[in-house]
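Hi,

Here is the model I said I'd pass on.

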Amino acid sequence: MTDSADQTLPVVQAAFARLTRENSELSDIDRRIMRAFEQLMLGRPEITDGRTSAVNICAEAGVSRASYYRSPVSAAIKEVLGAPQAKRPEADELRQEIARLKKTVQELRSEKAVEIRELRSTVAAYANQIQILALRNAQLEADAQRLQAQVAGGQERVVRQLKGTRTPTETALEQS
């Protein structure tokens, strides 16, 4: 037996012993349900995939779900599954872990998609700024080439102010 079964079997047996004391006339269906639940909790299913669900308990016991829910055993099973000291079979714990991990993966993918959208938006904004700066740089280079051509021509007083390039310091110097 596994460690999980070592801890769970006494809890299951105590719950079923109490049920038997309280209900002296348990039917054959009730006993089959108890046996099927014990098999599932021990991790030894014969018919099902081993999950401790009402459907699997009914399949292992060979009874209908209606019979299961009418049985006093269903309340005892619910009590056992709710007890903190009762460990579910390893397969059930692994399925729960898989479900938790799948949910985590989904959340991480969602966060990644949001981050990618934000980064793409940032890249588009930077690309627009780069394009604006490249155009401004080209304009400044053209202005510089024109000025260099005028200065290289050796003509005096040929250099004229380009539109919008005067600084406040230049304006103050010219006025003095």
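**Aromatic pairs and a covered helix**

There are two aromatic pairs in the structure (rings of Phe, Tyr and Trp, its six-membered ring, with centres within 6.5 Å; planes under 30 degrees apart are stacked, over 60 edge-to-face, the rest tilted). Phe16 and Phe37 have ring centres 6.0 Å apart and planes at 70 degrees, so they sit edge-to-face. This pair links distant parts of the chain, with Phe16 in helix 1 (residues 3-22) and Phe37 in helix 2, 21 residues apart. Tyr68 is buried at 5% relative accessible area, whereas Tyr69 is exposed at 55%.

A word on the source: this is a predicted model, with local features needing pLDDT of at least 70, side-chain atom pairs counted only at pLDDT 80 or more, and totals for chains, interfaces and linings using all residues. Residues are numbered from 1 along each chain as its sequence is written, and side-chain values use heavy atoms, leaving out hydrogens and water.

Overall, the protein has seven helices and zero strands (DSSP runs numbered from the N terminus: H or I of at least four residues for helices, E of at least two for strands). Helix 3 (residues 54-61) is mostly covered, with six of its eight residues buried; among them are Ile57 and Cys58. Gly62, with a positive phi near 75 degrees, follows helix 3.

Cheers

Key:
Buried < 20%, exposed > 50% of the residue type's maximum accessible area, 1.4 Å probe, protein only.
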